[in-house]
Amino acid sequence: MSLTLDTYRLLGRSGLRVSPLALGAATFGTDWGWGAEPDEARKLFELYVERGGNFIDTAVSYTNGSSERLLGEFARDNRESLVLATKYSTLRRPGDPNSGGAHRKNLFASVESSLRRLNTDYIDLLYLHVWDDTTSVDEILRGMQDLVRQGKVLYLAICSTPAWQVSRMQAIANLRGWSPLVALQMEYNLIERTGERDLIPMARRMGLGVVPFSPLAGGVLTGKYSRDDLVASKAGADGSRKSANIALGTVTERNLGIADVVKEVAADLGHTPAQVGLAWALQKPGVTAPIIGARTPAQLEDNLGALAVDLSASQRARLDEAGAIDLGFPHAMLAGEHIRAVTRGDLKIETRR
């Protein structure tokens, strides 16, 4: 399989056509102590778009607003050709209790802020960024629907939310004739696969395209971390992205072992570990577009090389085995031989879902 950025995929059950790799704009700006300076960020944007890419991901709070502002500048001349996704619910002004959360006041204020920064009249895809259990589902969905009716938002999506809440929201939207959710953003990579228990099966059944963030597990799957970093994780942070990732606990013996298998498969294929890690996510059922976040054009070029990676069945199986997780109850039980025997016996059933 060989893809290009202009081999577009449909996002969930919508007719919206997006590139198979989304460009993450969280690296646009250095407000967080790392990232790309404006000139470098423009190069990333232009490289992605020149290759046929059209799906760009940001959020109202990324790099303290610089991400949206820079993206608005870069997209000025070809706004209509792009699918711009942003998010709301994270705190915009520390100390202001209503500048964060999923409630209606913050929803409308966040969208207006994003529209100004992005220099646009509408947002193609709006995510609820992080689940807020203090706001009712009805309030969230009604507010989102009002924005769709006003033409300020075209499509709705959700991120970092329990599967049962997403399915509940989708059912309510469908019953009331409101705009459905079309995408689910979640962390998904060879190291973090717990979404395979409920989130991904739910998304596939309910018409949400899966848009994974951190498909390289904070860089662990690129091979840039080693066993020496297990010791470094106990030292003080130095403000770098690498130090931040170590502090998050992603550098473990298990995870480095998975990264080793990725490096081995990459060596067999003549590709980089980053390309193999991305290709694994890119080729998983239900996944629409992993989000790639680069700080330099060289990193972006390397990530785009994932489109040319053709994993064999045996290589996919090897990677799957390296990062396998326990599906837990009831999934493991339902997939077991005993349950198959007592519910189906020798019956053969072909499923096409």
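The model is predicted.

A pair of aromatic rings is described by the distance of the centres and the angle of the planes. The structure holds 5 aromatic pairs. In one of them, the ring centres of Trp32 and Tyr62 are 6.1 Å apart. Their planes stand at 80 degrees, and because an angle over 60 degrees counts as edge-to-face, the pair of Trp32 and Tyr62 is edge-to-face. This pair links distant parts of the chain, since its members are 30 residues apart. Trp32 belongs to the loop between β3 (22–24) and α1 (38–50), whereas Tyr62 belongs to the loop between β4 (55–57) and α2 (66–74). Trp32 has a relative accessible area of 35% and is therefore partly exposed. For Tyr62 the relative accessible area is 13%, which is under 20%, so Tyr62 is buried.

A further aromatic pair consists of Phe45 and Phe74, with 5.7 Å from centre to centre. Their planes are 40 degrees apart, and the pair is tilted. Phe45 lies in helix α1 and Phe74 in helix α2, so the pair ties together parts that are 29 residues apart in sequence. Both residues are buried: Phe45 has a relative accessibility of 4%, and Phe74 has a relative accessible area of 6%. Together with Phe28, Phe45 and Phe74 form one aromatic cluster.

An aromatic ring may also be viewed with a charged residue. Arg79 lies over the face of Tyr122, at 4.2 Å from the ring centre.

Attention now turns to helix α3, which spans residues 104–118 and contains Ser114. With a relative accessible area of 1%, Ser114 is buried. What is Ser114 in contact with, leaving aside its neighbours within four places in sequence? The residues in contact with Ser114 are Val60, Glu68, Thr86 and Ile123.

The last topic is the packing of two helices. Two packed helices are described by the angle between their axes and the distance between the axes. The axes of α1 and helix α11 (residues 297–304) come within 9 Å. They cross at roughly 25 degrees. Angles under 35 degrees count as roughly parallel, and α1 and α11 are therefore roughly parallel to each other. Their crossing is right-handed. On the side of α1, the residues that meet α11 are Glu40, Lys43, Leu44, Leu47 and Tyr48; on the side of α11, they are Pro297, Leu300 and Glu301.

Definitions and conventions: Residues are numbered from 1 along each chain as its sequence is written. This is a predicted model: local features need pLDDT of at least 70, side-chain atom pairs count only at pLDDT 80 or more; totals for chains, interfaces and linings use all residues. Side-chain values use heavy atoms; hydrogens and water are left out. Rings of Phe, Tyr and Trp (its six-membered ring) pair if their centres lie within 6.5 Å; planes under 30 degrees apart count as stacked, over 60 as edge-to-face and the rest as tilted. Helices (H or I, at least four residues) and strands (E, at least two) are DSSP runs, numbered from the N terminus. Buried means under 20% relative accessible area, exposed over 50%, partly exposed in between (1.4 Å probe, protein chains only). A charge sits over a ring if NZ of Lys or CZ of Arg is within 6 Å of the ring centre and within 35 degrees of the ring normal. Contact means heavy atoms within 4.5 Å. Axes are lines fitted to C-alpha atoms, for helices over the stretch in contact, and angles run from 0 to 180 degrees between N-to-C directions. Angles under 35 degrees count as roughly parallel, over 145 as roughly antiparallel, 65 to 115 as roughly perpendicular and the rest as oblique. A crossing is left-handed if the near helix is turned anticlockwise from the far one by less than a right angle, and right-handed if clockwise.
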